[in-house]
Amino acid sequence: MRLDTAAIRRGCPNCEIKGFRHLCGAELDHFRSAAKADGPLTVACTQQAAQFTDEAGERPDGITFVNIRETAGWSRDGANAGAKMAALLAAAAIPRPDYALVTLSSEGIILIYGRDEAAIEAGRLLADHLDVTVMLKQPTDITPPAATVFPIVKGTIRNARGHFGAFELTIDDYAWPRPSSRDHFVFEAARNGATSCCNLVLDLSGESPLFPAHDLRDGYLRADPKDPAAVLRAILAARDLIGSFDKPKYVDFTPALCAHSRSKLIGCHRCLDLCPTGAITPAGDHVAVNAEVCAGCGQCAAACPTGAASYALPPADTQLQILRAMLRAYHEAGGAHPVLLLHDSQHGTPLIDALARHGDGLPASLLPLAVNELTQVGLEAVIGAFAYGASAIRFLLRAKPRHEVTGLLQTIAVAEAILAGLGFDGRRVATIETDDPDALGAQLGGIEMLATVETPATFRTVGKRRDLLRFALSELHRLAPKPIDVIALPQGAPIGAISVNTDGCTLCLSCVSVCPTGALRDDPERPVLKFVEDACVQCGLCQSTCPEKVITLKPQIDFRAARASAVVVKEEEPALCIRCGTPFGVKSTIDRIAAKLEGRHWMYPAGDKRLEALRMCADCRVIVMSEQQFDPSQGVPERAPPRTTDDYLRQRENKD
């Protein structure tokens, strides 16, 4: 593998770069010397990471390992991969912040759910390791074991909920076998609605999974009972699931920023629609994220328009800093037309390794970047990457994803609309869905060489996704080939405006009271409705709350909005109290109410002084009513007494 140390030095100008031919062997003393020095240390070899870690011992600053062999050097274009190597090294140097952990505990209580002897055999294999119960669904012609080592019952799981260490199952047709069962199980009388709690579930029923996105539910193991190898793998996995385990707390949630609902009216529900595991549920005006169930797909954080949900592996601003470092180093090292290949470690890394070892490897202009989950990537990362000088982005997905990727596809659709509107021609953002390294190589080789921004941006920001997106959009607009001001976006985009039918608007200002971001505003001195487009997150609360139903969402991006002041949507003359002159409402509304009531309601006969009370503020109205000793029940027209059951029965008898 050729090492273009000159290109690497250009891309990483503030680093000391040293190249070797056999660092893990004949030149190991050079590593020992470097490990003793202070400061960060990066080793561009992952194959011998264990050896280097042992040699370094308890090094205070630790070691960062980067694979530049399968991802760069082992390629038909390896001789030209110096700029890519610089990019990979620069990206790895960005520190990732620590994240919180969630501890899940299992006492080894497992329910094996099946139909036949396969479930009982699984119980035998696990009985020495876990607390086993086998439950058979509608068992027939199963010979009971001679000795009862673990309970065997029958039942059908109607509902399952919970998480690793705390599953709760609702079971119908539940019954224990009679001890006198001879050549087949004979069960006692069955009952419905039984409840079972366990730490683990091994599902060998061969039917539909008990949980959505079941592959992501820790502690729920499922295998086809007709596939002995799959059953054995599930059994071996279950054996070790006893004790306490830590998992990342993938999502940090700030309820105060959530725009889910107000006054029981639903606004934003993006995260609820996208969560594959059901870890997100409504909780009053906001939602709640169950960290024990959350599998870390990140779609909620990528789609959240307010930043209430934020991803932690890594945070959005760190992800943007990694992209900045990678693309900046690539350009400074002399690279051109960089294409980002975003992939995960479980699926993408083995494909890249196979392509490097048995195929042509990755093109020199293709920069691979592993992320925890592809669906965690938000619009700010995509837009920021193009501002930093990327020419295209590809997301490497499984041929059959483990969960829905709807959120990612929505992000791609919005990004494509923005890029096309700004004059970036060609297919800029797309997915590659394959499990075949040869197919991956063919698709990567067919990516068109597209132009990038002439002078890549260098901005570095810290903050929530909304702030990152706002800055990335402004930078991309500044550098775009055709920087137009307004671009229409697909439905569901997290940015946009509203359209108000002002003829039907009564300036009740209900929309202002529910707007979570201050995009809709009023004026305490006058009846006026104002709108700040830069603050609008298209949550839909104003649309849901408006009693006149005159508000509609308008997904778009107006690049002038960041600099624009509040726009007056509707303004009317205030109604002034005829007694004290205080403004207390909208004049047109008060006039309309007075016109409807005068002479048409028993309380307000035509020409009566009572009508004047409608044109007074609340304080003056109380004073006048008290001075006039107004009796609200006086003059109430007589009404027929309420009908009783006897009246209905009497009417029925008369008809008969």
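Predicted model: local features only at pLDDT ≥ 70, side-chain atom pairs only at ≥ 80, totals over all residues.
Ground rules. Residues are numbered from 1 along each chain as its sequence is written, and side-chain values use heavy atoms, without hydrogens and water. Local features need pLDDT of at least 70 and side-chain atom pairs pLDDT 80 or more, while totals for chains, interfaces and linings use all residues.

Overall form. I looked up the radius of gyration, taken over C-alpha atoms: the chain has 34 Å, whereas a compact globule of 656 residues would have one near 26 Å. The globule rule is 2.2 Å times the number of residues to the power 0.38. The C-alpha trace spans about 110 × 85 × 45 Å along its principal axes.

Cores. I then went to the largest nonpolar core, which has 73 residues. A nonpolar core is a set of buried Ala, Val, Leu, Ile, Met, Phe, Trp, Tyr and Cys residues joined through side-chain atoms within 4.5 Å; buried means under 20% relative accessible area, exposed over 50%, partly exposed in between (1.4 Å probe, protein chains only). Leu 340, Ile 393, Phe 395 and Leu 476 touch the most other members. Beyond four places in sequence, Phe 395 has contacts (heavy atoms within 4.5 Å) that include Leu 342, Val 377, Ile 412 and Thr 431. A second, separate core of 31 residues includes Ile 120, Phe 185, Phe 187 and Ala 291.

Tyr 99. I found Tyr 99 in the loop between α5 (82-92) and β3 (101-106); helices (H or I, at least four residues) and strands (E, at least two) are DSSP runs, numbered from the N terminus. Tyr 99 is partly exposed, at 40% relative accessible area. Not counting residues up to four places away in sequence, Tyr 99 touches Pro 248, Ala 312 and Leu 313. Its C-alpha atom is 8.2 Å from that of Pro 314, 215 residues apart along the chain.
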